[in-house]
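Subject: Structure handover

Hi,

Here is the structure I promised to pass on. Please open it first, then read my notes alongside.

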Amino acid sequence: MSQAETQQVQTLLGHFDDARSNLIAILQEVQSTYFYLPQPVLRRVAEKLNVPVTEIYHVATFYNCFSLEPVGKHLVQVCLGTACHVRGGPRVLDRILRDLKLGAPGTTSDSNFTVRTVRCIGCCGLAPVVTVGNKVHHHLTQAKATLMLKKYGSNGKPTESPAGEAEDA
Amino acid sequence: MPKLRINGIEVEVERGTTVLEAAKFLGLPIPTLCHDDGLTPYGACRLCLVEVKNGKTSKLLSSCTLQAQDGMEVLTHSARVEKTRQLLLEMYVATCPQSKRIQDLASRYGVRQCRLEPANENCIQCGLCVRMCEQQMMAGAIGFSGRGKNRRVSRPFDITSERCRQCGACLYICPVCEQRCHGASAETTLCNGCLNFATVCFQSYDDAMCFLDPCHACEVGGPFRQDVVVKLRPQSQASK
Amino acid sequence: MPRLHSLQELNELREVCRNAVDPKKPCLTVCCGSGCTAAGGNDVAAALRKALEKRGLEDEITVKTTGCHGFCEKGPVMIVWPEGTFYNRVAPSDATAIVASSSNGRKPVEKLLFKDAITGERVITEDEVPFYKKQTRVLFANNGRIDPKNIEDYFRVGGYSGLAKVLREFTPEKVVDSVKRSGLRGRGGAGFPTGVKWEAMRRQEATPKFIICNADEGDPGAFMDRSLLEGNPHSVIEGMLIGAFALGASDGFVYVRAEYPLAVEHLGVAIKQAEEYGLLGENILGSGLTFRLKIVQGAGAFVCGEETALIASVEGRVGEPQPRPPYPVEKGLWGKPTVINNVKTWASVGHIINRGAEWYAGIGTEHSKGTMVFSLVGKINNTGLVEVPMGITIREMIEGIGGGIPGGKKFKAVQIGGPSGGCIPASLMDLPIDYEALTGAGSMMGSGGMVVMDEDTCMVDVARYFMEFLEEESCGKCFPCRVGTQRLREILARICAGKGTEEDLVLLEEMGGMIKDASLCGLGQTAPNPVLTTLRYFRDEYLTHVRDKKCPAKVCKELILYHIEETLCDGCHACVRVCASEAILGEKKKPHQIDTGKCIRCGACLEVCKPKAVLVT
């Protein structure tokens, strides 16, 4: 880490005292600052809390919120909760993966999108649901999903909106 | 000093004794995979399950983590325990068919079928290596990472930690890859090599596969066990 | 913000708050729970304020944003007070009409009134809406009436009077006794009698003692805890204060899952306000009670809803459950006595104190007292949150409140209790919903998620879906759960792909039974439930998959074929545009054809075909 980066990390960690119970809150702060958990920062956290690196690593890889890899510009989270599943969520996910040319949830080669699945964000009345960043897109269909991605700059096969499906999500 | 009953036998133990320790004291054999007396109990392999009375019903609890309590009623070989152990071992064999320890356990507890696809893995995540490295070798160079189906034993960031002294304790303590079983057949996934051996086994079978340890049938079964005779394999079949 | 030093001061402030608001003054409450926010609730509120300003009415008519009203299907929803006129599917563009109607003539805006899907009639007030009519709203009674970010609104509706009563008249033992007599059972899932848990805590001598509110709500399809925290966070705080008094706890934590930012925000505001008014902290209302409440956020792990995993998470460790015994009441957070209860359980405590244990015990069935909040979602007309007395039948929920299945489809099953629960089939529709009846049927109350499924849902696919969920969410520590969930999923995947056998069904049952018995924690012990219940009630569907290699519900991709009915196809070409594998051939205006060799059964064509010429067999 550079001098500036070290300073930035120091300031971030300075907001927390050294109690072990702060670990998850600290990692959340790091995640929201850097959009992932960089290795040098995690090692710094291990020192600060006096916890072995192996344990920090386990916590960092255990919880869904944390990523050890940088995420793309747009984080697309497809809800696969039961209500969304029953209302067609998996097909929407397949469509999104196909449009972004991803075989499985992950990050596109241009780092524009990271696609993940989540298990229920609690908007079951609006199923199927996909969030892009903080925005919740609801009542999605495959066609709406394609249109939604294009708004964020997807290079998927351009689809003319079929008759009657003009409105966006 | 809690007083409890195991298989109907009353025993009084020091506070803090586990049911596993109490059963061992009574000479009752309870199988384990993730347990080692020199390490903290883990409760992950679930082989040491015993049936504990709970009001009108009963529960299966891991004896290695269960502290003996006054008035506890424990069964180590009830039908429910045996059936659960068998199915558990069936799953273990499917996961690691090449582990001699697991094949031996399967033979001993009467596992006759393995209906699951063999996965041929080398780790059952018993955690012995992790605890060994941390508690006995004071290094903590390896640990678990991930969760659920993605959980595995790993080095942090997949880089060998500078805390690793290459001591080999993790290899030593591993119950799965320390000794390989070469008797697992492709069709059944099971070895069962020693299942039907009687006391005269070493005289009849020169190329007996499990010659490193006395087999359980010999230990426990005594003279010729008619009830567990399985179709014998032809002499010419070479071990892999 | 006057700090309250005594019960007297609280009562006085409550009077002031009540008198400050003229009940006859028009007020527009707009739902801004997560669901309606996603649907645009905040934009509606902003548009209303703007419209009022434009007409100079901003002092005569107030706009208030509230928490979740429950009727998410029809969001954004709002209510016009004092009449209680209920509007649904409100758009910002409706603001002018609404403002116009509230100020002169008071005639409701017709098109925004709820329209019964079957009778076609429009109703005016909330209690006339069938969705709400059959509910008994106790915990959610105030969700549509108060601004969750304003503690004085909570005072106005009687908030913290339960706490005051306890501090004035009760001993800790009396509180526990009250909770016990009410018959309240844990609303998180297992339904353990809360009073018994509290009694066990009182017997512990170690200190300090802790209480925790489990707001992890990981069950997909459940969002009532979220709505309660967003819409009425003080009701939970009050319950915890009463609990702290009864149990001798000086510190409490609310563990909220990371996926609920709005709930975290509203709860944070509520805690801060409670502290400012002296309702949290030291010497609360001069009673000598000290209680501090902190929010701890989860980081995305379903298993952290399990109490020992939750404790591990609060301690900053991985959420791996511990074998029980010992139970958290004995050895919980940092090894100290800890009581963990669900959001709805804590929220019930204040009501039990205020209205009495007998009142609470008078609702519900013999062994399941009180009301239960369900999230009714899936293939149902009226999705949303429903609060009903225990003992209501499934039929009344689905038909009476839910308004039946959309598209005239047939009801097939309802999944109750999330991934730990089971599917209840149509043949058991008259089953009363209570703890014992559900466990007897092989399911579980769980935290109250009810996902409705119709004839187009494949139950084998549902079982596979749940195992996929569980194999990822399992903490992975114990062998039967970690490997067992994977194995069950593999077998189900093979069955869905047409490669299953009847022996597989036996294997599923045997292994499922073993995983239930052998797993370390509740997640593993209930993981096989979806498989076992679907096998129990839908065995024929499984048999069709393994014997005939067919999927009756037409879901399992490898067992279905898409083709275009020539006589219905008008050649509009819409399907060709969305086809994922270029499998459709045809000239415009002429009937099209699907090349089944290339078709991947993604369903995009089915979605866009207006004449419904795409058929699935």
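Why is strand 7 (residues 209–215) of chain C largely enclosed by the rest of the structure? Before the answer, one caution: this is a predicted model.

**Strand 7 of chain C**

Count the buried residues. Seven of the seven residues of strand 7 of chain C are buried, so the strand is largely enclosed by the rest of the structure. Both of its faces are covered. On one side sit Lys209(C), Ile211(C), Cys213(C) and Ala215(C). On the other are Phe210(C), Ile212(C) and Asn214(C).

Now look at the partners of strand 7 of chain C. Strand 8 (residues 249–256) of chain C runs parallel to strand 7 and is joined to it by seven bridges. Within that pair, Phe210(C) stands opposite Asp251(C). Strand 10 (residues 338–342) of chain C is also parallel to strand 7, with five bridges between them. Here Ile211(C) stands opposite Val339(C).

**Domains of chain C**

Chain C splits into domain 1 (21–129), domain 2 (151–360), domain 3 (371–454), domain 4 (459–548) and domain 5 (561–616). Take domains 1 and 3 of chain C. Their C-alpha centres are 29 Å apart. Six residues of domain 1 of chain C are in contact with seven residues of domain 3 of chain C. On the domain 1 side, four of these residues are nonpolar, one is polar and one is charged.

**Helix 19 of chain C**

Next, find helix 19 (residues 479–496) of chain C. This helix has 18 residues. From first C-alpha to last, helix 19 of chain C reaches 25 Å, close to the expected 26 Å. Helix 19 of chain C is mostly covered, with 15 of its 18 residues buried. Just after the helix comes Gly498(C), which takes a positive phi of about 85 degrees.

Chain A has two assigned domains: domain 1 (3–62) and domain 2 (74–151). The C-alpha centres of these two domains of chain A lie 30 Å apart.

Chain B has seven helices and seven strands. Along the sequence, their pattern is β-β-α-β-β-β-α-α-α-β-β-α-α-α. Of the 240 residues in chain B, 41% are buried. Now take contacts in chain B between residues at least 6 apart in sequence. Of these, 58% join residues at least 24 apart.

The contact between chains B and C takes 22 residues from chain B and 25 residues from chain C. On the chain B side, strand 4 (57–62) and helix 2 (79–95) are the elements that give two or more residues. Helix 2 of chain B gives the most to that side, with five residues. The chain B side divides into ten nonpolar, seven polar and five charged residues.

Best wishes

Definitions and conventions. Residues numbered from 1 in each chain as written. Chains lettered and ligands numbered in written order. Predicted model: local features only at pLDDT ≥ 70, side-chain atom pairs only at ≥ 80, totals over all residues. Domains from an automatic or database assignment. Contact = placed C-beta atoms within 7 Å. Nonpolar A, V, L, I, M, F, W, Y, C, P; charged D, E, K, R; others polar. Helix = DSSP H or I, 4+ residues; strand = E, 2+ residues; numbered from the N terminus. Expected span 1.5 Å × (residues − 1). Buried ≥ 20, exposed ≤ 12 C-beta atoms within 10 Å, placed from the backbone. Pairing = 2+ DSSP bridges.
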